[in-house]
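Subject: Structure for your review

Dear colleague,

Please find below the structure I promised to hand over. My notes on what was found in it follow directly after.

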Amino acid sequence: MAALLSEILAAAEDLWPHSGAEEWDATGLVSGDPHDSVERVVLAVDAVGATVDEAIAANAQLLLVHHPLLMRGVTSIAADQYKGHVLSRLIRGNCALLAAHTNADVVDGGTSSALANALGIIDSEPITSARNGIGGLGRVGDLTHPLTLEEFAARVADVLPKTVSGVRVAGAPAASVHRVAICGGAGDSLLSHPAVTSADVYVTSDLRHHPASEAREQALLTDGPALIDVSHWAAESLWLDNVAAQLTARFPSLDVRVSESRTDPWDFSVHNA
């Protein structure tokens, strides 16, 4: 027996304290019996059909994901609805489901921290403070030497897994980049934060038209960051290797696998000729 699920839950609470999660979040054990034993864990960003397939095929007893499956109020988990289908299959497959979301965003080694490290950002610090004072959302720090925006965007593309949407950039290609702000996942709520507006570039995901347009227009008037918009899944997937290393260090006999499924929702794009 590698570990009890309850022991992994205790490790998760130590690594990603629930007290650091946003108030609206729904982290923790979604399904499964804490008294069950776990020999194999699959790590993924999303609990979707592909990752459930992977976990069951691997005979895993735990699927640990970043995004909570049951974020908002649910009145049914009938198996003809996708969330019910996911849970039904996991329960039948004796595979528990655990989510570590904003509590894993804020800590060192979390999603933003992993992205900052992958991009070679040094001396990074949180953009905001976590509710529990341990870490915080986003990271801001410096490159070891300046790059042009075009060069830095190429670095971003190189460290992330490929996706249909790729890397979108707003700003002058030759602009100098030294100070970098980052928020793994959807980060338009931080666009007006002083740590972001004083950076040379802001890297995040899911930037909507109006917030992005307004930020760029303001930057043209009073200076401000270029914007780099990347796949939400791709940015947060970098965290999974950290999780694998952390769990393996605590449970050496546990078989921990990072999902090979790409759960970015987009399959292809079409551009004008």
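This is a predicted model: local features need pLDDT of at least 70, side-chain atom pairs count only at pLDDT 80 or more; totals for chains, interfaces and linings use all residues.

Strand β8, residues 139-148, and strand β10, residues 176-186, run antiparallel to each other and are joined over six bridges. Helix α5, which covers residues 111-118, packs on the sheet and touches β7, β8 and β10. The direction of this helix makes about 145 degrees with that of β10.

The sheet as a whole is open and has six strands, in the order β7-β8-β10-β11-β12-β9, with mixed pairing. Its edges are formed by β7 (122-125) and β9 (168-170), each of which pairs on one side only. From one strand to the next, the twist averages 25 degrees.

Helix α6 deserves a separate paragraph. Within this helix, residues 149-159, the side facing inward is made up of L149, F152, A153 and V156, which are buried. Viewed down the axis of α6, these buried residues fall within an arc of 100 degrees, and they therefore line one face of the helix. An α-helix has 3.6 residues a turn, so residues three or four places apart point the same way. The exposed residues E150 and D158 are carried on the face of α6 turned away from its buried side. The cover over the buried residues of α6 includes β8, β9, β10, β11 (201-205) and β12 (226-230).

I turn next to charged pairs. Side chains of opposite charge can pair when their charged atoms come close. A search of the whole structure finds 10 salt bridges, and I describe some of them here.

The side chains of D14 and R250 form a salt bridge, with 2.7 Å from N to O. This pair links distant parts of the chain: D14 is in helix α1 (residues 5-15) and R250 in helix α10 (residues 239-250), 236 residues apart. R250 counts as partly exposed because its relative accessibility is 39%.

R40 forms a salt bridge with D255, and their closest N and O atoms are 2.7 Å apart. Since R40 lies in strand β4 (residues 40-44) and D255 in strand β13 (residues 255-258), the pair ties together parts that are 215 residues apart in sequence. D255 also meets R257 in a salt bridge, at 2.9 Å from N to O. Through shared partners, the salt bridges join R40, D255 and R257 into one network.

Finally, which cysteines might you wish to look up in the model? C95 is buried, with a relative accessible area of 3%, and C183 is buried at 6% relative accessibility. The count of disulfides comes to zero, by the rule applied here.

With kind regards

Notes:
Residues are numbered from 1 along each chain as its sequence is written. Side-chain values use heavy atoms; hydrogens and water are left out. Two strands pair if DSSP finds at least two bridges between them. Helices (H or I, at least four residues) and strands (E, at least two) are DSSP runs, numbered from the N terminus. Axes are lines fitted to C-alpha atoms, for helices over the stretch in contact, and angles run from 0 to 180 degrees between N-to-C directions. Contact means heavy atoms within 4.5 Å. A salt bridge is a side-chain nitrogen of Lys or Arg within 4 Å of a carboxyl oxygen of Asp or Glu. Buried means under 20% relative accessible area, exposed over 50%, partly exposed in between (1.4 Å probe, protein chains only). A disulfide is a pair of cysteine sulfur atoms within 2.5 Å. The arc is that of the directions from the helix axis to the C-beta atoms.
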